[in-house]
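Here is a short briefing to read alongside the model. Have the viewer open and follow the topics in turn.

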There are 2 protein chains.
Amino acid sequence: MNVEKKFLQAINDFNLISENEKILIAYSTGVDSSVLTYLLLKFKNYLKIKEIALAYLNHKLRKEAEEEEIFTKEVAEKFGIKAFTKQVNIKEIAKKEKKSVEQVGREERYKFFNEILKKEDFDKIATGHHLSDLAETMTLWFIQGNKKGIKGFKPKEKNIIRPLYYLTKEEIYNYAKEKQIEYKEDITNYSVDFKRNKVRHEIIPKLKEINPSFENSALIMSYFFNLDEDYFNKKIENFDLLVDFIELNQIKEKAILYRLIDKWIYEKIGCKLSYKTLKSIIDLVETGGTKKVKICNNYYLIKEYDRLYLNLEKSDKTTYFEYTVKPNEKIYLKEMDKILEIFKLSNPNLEDLKNEKEMVCFDIDSKDIEFKIRQRKKGDRFKPFGSSWKKLKDVMIDLKIPADMRDNIPLLTFKDKILWIIGYKRSDLYPINENSKNVICFKLKEV
Amino acid sequence: MNVEKKFLQAINDFNLISENEKILIAYSTGVDSSVLTYLLLKFKNYLKIKEIALAYLNHKLRKEAEEEEIFTKEVAEKFGIKAFTKQVNIKEIAKKEKKSVEQVGREERYKFFNEILKKEDFDKIATGHHLSDLAETMTLWFIQGNKKGIKGFKPKEKNIIRPLYYLTKEEIYNYAKEKQIEYKEDITNYSVDFKRNKVRHEIIPKLKEINPSFENSALIMSYFFNLDEDYFNKKIENFDLLVDFIELNQIKEKAILYRLIDKWIYEKIGCKLSYKTLKSIIDLVETGGTKKVKICNNYYLIKEYDRLYLNLEKSDKTTYFEYTVKPNEKIYLKEMDKILEIFKLSNPNLEDLKNEKEMVCFDIDSKDIEFKIRQRKKGDRFKPFGSSWKKLKDVMIDLKIPADMRDNIPLLTFKDKILWIIGYKRSDLYPINENSKNVICFKLKEV
């Protein structure tokens with residue numbers, strides 16, 4: 001099947017577009033969204049689309065963004081359609097909201113798209129996600145043991161549609177070439193996010209030596225995994241998530257129970273459980289008597305007879321913790337149920353390196369250095385950016401960390417000075433600047 | 001946790017061994033089953049095992065098997081335990097039963113083990129399968145899009161137990177070295193089965209660059225996938241599989257329906273559906289009116305109103321089929337819902353190459369050759385091994401191929417002579433022998 005047939009097939013198979021709809025394209029200037037634009041315009045009449053427009057959000061993260069914004073307007077003018085553009089300082093918001101740049105970028109993008117939908121009366125957002133993206137996403141989650149993610153994304157999720165769902169990157173490239181579609185080469189936004197690139201360039205080609213139609217196999221797997229997940233989601237959708245305990249004798253099936261516990265804990269205390277923790281909870285359920293499992297944010301899940309309930313434990317002052325770590329190591333922080341990666345970075349991109357909640361970097365360039373990760377101690381002091389030294393306790397109060405959690409927050413230290421209240425705030429020691437060549441970075445990851 | 005702890009942990013977690021049991025080890029002389037033997041003997045008293053013995057089946061496929069059989073007896077003598085050994089000509093059985101050597105090997109091995117269990121009153125069969133095997137198996141199925149296989153094997157299946165379930169190959173090797181455990185290096189039995197080797201040596205190391213604890217992630221994924229599958233299996237276990245049709249309005253949930261259809265069709269006509277076919281069946285269900293999908297063995301699945309039923313279609317004489325294929329190509333044989341791979345092999349291992357049901361090889365060594373795969377034609381003749389030329393029709397009758405299926409059996413031909421009744425019988429044209437250097441092989445695979 002050729003590109004245009006597959007494009008129309010996906011729209012037909014998943015009812016992506018109905019008559020008389022206004023479609024907003026999540027435009028990035030890259031080949032995917034450029035081919036998407038071309039195809040939607042080519043089949044505008046055939047599909048009875050009322051209007052097509054481009055939306056481009058300038059994240060103010062890369063210098064190329066200015067050119068991309070202009071390019072977007074040029075493309076729209078060329079095709080006689082509207083272009084909505086906006087500039088948002090993602091970095092600043094990420095800093096303020098203590099979120100990752102990637103997360104804020106995604107959130108702001110969809111906020112922007114949905115604003116246009118509302119204001120300009122558009123019906124759907126069309127994105128350039130394609131079959132190779134799907135296969136990559138599924139592979140990445142499989143590698144990381146994230147069972148929930150293996151199913152990949154769907155061709156239609158709420159008002160988001162993905163008409164390139166049946167097309168591989170190769171087919172999209174070749175089509176762009178054949179039709180002389182103009183686009184800008186994708187620039188990888190986050191140089192330190194190396195996993196997807198490794199999957200794309202090193203792993204998928206190896207998988208295809210075993211199964212040349214891996215992308216199509218992924219497509220079919222995704223379909224069936226989604227059937228299973230939809231089934232289970234429906235099974236638990238009516239469960240009251242605000243209950244204070246789960247009655248185990250009411251939910252005998254473990255496949256239902258683990259999903260329910262996962263959803264319930266997220267609702268109650270905002271933790272996304274790792275599958276490892278989730279497994280230890282299910283193990284707990286199978287044992288007799290009263291047992292407990294530490295989950296996150298200093299909460300315990302307690303099993304007493306036929307009930308599971310949550311309990312915020314007072315931290316035990318006697319269990320002082322301290323670990324030593326070096327660059328190129330990883331360490332599991334059981335206090336947070338997260339993994340901390342330590343790595344060296346050469347010629348870092350300053351823009352990407354300032355999200356202090358999940359990743360921090362320091363201009364420390366010496367050999368054989370080591371860092372300590374430890375519990376707070378009496379007399380600890382901390383130096384925030386642009387401020388003088390403060391009592392650590394006062395900083396923690398400013399950060400709204402509850403008193404009974406403070407002993408469980410790991411601190412990154414170097415020469416016994418606190419560099420980072422891990423997951424919360426970095427100090428202004430060893431800051432990176434334009435001249436930084438070799439920096440050491442610390443990144444928090446899900447287990 | 002060290003090796004011995006993990007070994008005991010698995011036995012404890014999954015109740016692999018109960019007091020006073022007799023354990024038969026599926027012994028191969030390789031490092032896995034040798035370490036397994038060592039550990040079971042070391043903890044024989046602690047685990048209150050009544051008796052431990054080795055079982056080795058000599059497949060008569062490789063010259064090393066004789067030495068392995070002797071080695072098994074020596075090991076048993078050294079440890080003062082019994083060794084059960086037997087010789088079975090797997091090749092011959094495979095030929096007779098028209099199955100693959102791998103399949104017959106597996107079947108005969110477990111037949112042998114179960115005979116001993118019965119005769120000598122043993123309780124369990126212990127195999128050397130370990131955590132790296134699990135991760136490999138899951139990865140291999142993921143790559144091939146076999147959703148059902150992704151869950152991997154369980155630590156306990158009926159009377160088979162896998163006490164090395166928590167141990168990686170590396171841990172097993174290191175332990176063997178540390179304890180100076182004797183074993184014979186594994187020899188890959190089937191040189192042409194390259195997939196598992198590729199996964200083991202090229203793919204898993206790449207995955208571990210992203211997730212160094214991939215094996216442990218696989219372990220946890222396997223646990224949850226098995227919970228899901230166990231749930232669904234239970235949901236459909238009471239369904240009467242001998243019914244002539246499925247009432248669609250009685251099974252509204254697609255996650256249940258696709259598993260039920262899969263099981264039903266296997267029960268009714270013995271076909272293992274590919275996920276691709278299964279998807280087209282589910283698509284069928286969603287459309288209105290009467291529709292049909294070709295499945296296998298010349299059967300159609302028909303959807304009429306709210307019913308699904310099977311129908312054996314008379315073959316349509318007008319749809320003569322013929323394809324051209326060359327070495328290093330693959331072709332999808334829609335008549336069988338299978339993939340045929342064509343490849344050249346240098347210095348083939350004769351022993352492995354004589355299973356005529358799934359793979360055949362020919363001593364054809366020329367360049368730019370091509371083969372035709374086609375429907376039978378009037379006047380077709382076939383030359384079985386050690387026989388004169390016969391009418392193809394008579395050969396098909398001997399092979400018990402039903403009359404209305406004969407037009408749908410693809411024939412592999414070269415210079416218009418039939419080389420292979422695909423999936424059934426090869427001719428004695430271009431046989432391979434000790435002097436064959438370059439041969440061309442054809443292998444049937446699942447989609």
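By what turn and shift along the axis can chain B be laid on chain A? The answer is a turn of 180° and a shift of 0.0 Å, with an RMSD of 0.1 Å, where copies are superposed by least squares on the C-alpha atoms of residues with pLDDT of at least 70 in both. The two copies are thus related as by a two-fold rotation axis.

This is a predicted model, in which local features need pLDDT of at least 70 and side-chain atom pairs count only at pLDDT 80 or more, while totals for chains, interfaces and linings use all residues. Residues are numbered from 1 along each chain as its sequence is written, chains are lettered from A and ligands numbered from 1 in the order in which they are written, and side-chain values use heavy atoms, leaving out hydrogens and water.

- In chain B, the C-alpha nearest the axis belongs to B:I203, 3.5 Å from it.
- The copies meet through the same surface, because 100% of the interface residues of chain B are also interface residues in chain A.

**Size of the interface**
- Contact (heavy atoms within 4.5 Å) joins 46 residues of chain B to 47 residues of chain A.
- Between them the chains bury about 4,300 Å², with 76% of it on carbon and sulfur atoms; buried area is the accessible area (1.4 Å probe) that two parts lose on being put together, summed over both.
- B:F142, B:I210 and B:F224 supply 18% of the area that chain B buries against chain A, more than any other three residues.

**Charged pairs across the interface**
- Eight salt bridges are counted between chain B and chain A, each a side-chain nitrogen of Lys or Arg within 4 Å of a carboxyl oxygen of Asp or Glu.
- One of these pairs A:K206 with B:E202, at 2.6 Å from N to O.

**What chain B brings to the contact**
- Helix 9 (214–236) of chain B is among the helices that each supply at least two residues of the side touching chain A, and helix 9 gives the largest share, 12 residues; helices here are DSSP runs (H or I, at least four residues), as are strands (E, at least two), numbered from the N terminus.

**Within chain A**
- Over all chains, the salt bridge count comes to 92.
- A:K268 forms a salt bridge with A:D244, the closest N and O atoms being 2.8 Å apart.
- That pair links distant parts of the chain, 24 residues apart: A:K268 lies in helix 10, and A:D244 in the loop between helix 9 and strand 7 of chain A.
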